Amino acid sequence: MIHLAILISMVLTSLFAAMSRSFIYAAMWLALLSATVAVAMFNMGAPWAAVFELSVCAGLITVLFAGTASMLGKGTKYAQNERRFMKYLPLGLLVFGVCLWVISYPYADLLKPSQITQTTPMMVGDIIWQLRYKDLIGQICMFVAGVLMVKAFFGRVKDE
Amino acid sequence: MNEILNFSARFFTPDNLYLDWFTAVLLFFIGVYCMAGARNMLRTLLGMEISSKGCMFALLSAGYTIGNIDFAQAIIMIMIGIEVVIVAVGLGLIIRSYAQKGNLDVLDLKNLRG
């Protein structure tokens, strides 16, 4: 039942994050969503990913969103006609959820894994450094590209 | 009563991949709806964040179900790192756009229209 409570709170927090009138509150709901996902990760036996999720997504990204929202002030308000579209989100979610359940539930057994993979036990660090090192290189390239892009956006313009 | 309790004990556990998959798809729908419906660029980025949570949860659930949670953890950690870069660059773009245009309406971005 704990797992069900986690799943329901994930859907509710994301709904509130999408529908919040104030963007600061939306950032807070997003942080709560990240915290809930982190709890789900702990519950399913993934503590390292949960710590990352909690510190980076619930912490850093929330600070970035909240800082940007406070810098922009009035810019975070809804544009014209945007609010009207967003207020139908719960109804759309309900219709989509019911349709999805009706259509997909008969095929739920297909989701069961045909075989449980019993690979040689490896630590998370070993998997990252040995098996997925190309992903790490790509991630470092993305970090460098991101830093260069932010520097290009906010670089000092020389007086001519 | 016992049948209901047995059903709930079996259905609402982390072992039930269908429920996790259903929740992940709902999260993805909320994010896509937010991206499609919002004209404010910040909310578009917020929608992308919500969708990525759905993808992350689907990955985690799949790893848990097939008994390879460590591999899923490794992928999720890399995914989180990339997500931070995307958010930082996206927010930088939004701030620059606001400084030039004075608003965040995506419909006002018509400079490159041919």
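Predicted model: local features only at pLDDT ≥ 70, side-chain atom pairs only at ≥ 80, totals over all residues.
**Entry 1: a buried aspartate**

I started with B:D105, which is buried at a relative accessible area of 11%; buried here means under 20% relative accessible area, exposed over 50%, and partly exposed in between (1.4 Å probe, protein chains only). Residues are numbered from 1 along each chain as its sequence is written, chains are lettered from A and ligands numbered from 1 in the order in which they are written, and side-chain values use heavy atoms, with hydrogens and water left out.

Which side chain does B:D105 meet in a salt bridge? I found B:R39, at 2.4 Å from N to O. For a salt bridge I take a side-chain nitrogen of Lys or Arg within 4 Å of a carboxyl oxygen of Asp or Glu. The two residues sit 66 residues apart, with B:R39 in the loop between α2 (17-37) and α3 (41-65) of chain B and B:D105 in the segment after α4 (69-101). Helices are DSSP runs (H or I, at least four residues), and strands are too (E, at least two), numbered from the N terminus.

**Entry 2: the other salt bridges I looked up**

I counted five salt bridges over all chains. In one of them, B:K53 pairs with B:E83, the closest N and O atoms being 3.3 Å apart. This pair joins helix α3 to helix α4 of chain B across 30 residues. Are B:K53 and B:E83 buried or exposed? Both are buried. Through shared partners, salt bridges tie A:E53, B:E49, B:K53 and B:E83 into one network.

A:R132 counts as partly exposed because its relative accessibility is 25%, and A:D135 is partly exposed at 26%.

**Entry 3: A:V11**

I then moved to A:V11, in helix α1 (residues 2-19) of chain A. It is buried, with a relative accessible area of 14%. Leaving out residues up to four places away in sequence, A:V11 touches A:L93, B:T23, B:L26, B:L27 and B:I30; a contact means heavy atoms within 4.5 Å.

**Entry 4: chain B as a whole**

I read four helices and zero strands in chain B, giving the pattern α-α-α-α along the sequence. Of its 114 residues, 55% are buried. Among its contacts between residues at least 6 apart in sequence, 53% join residues at least 24 apart.
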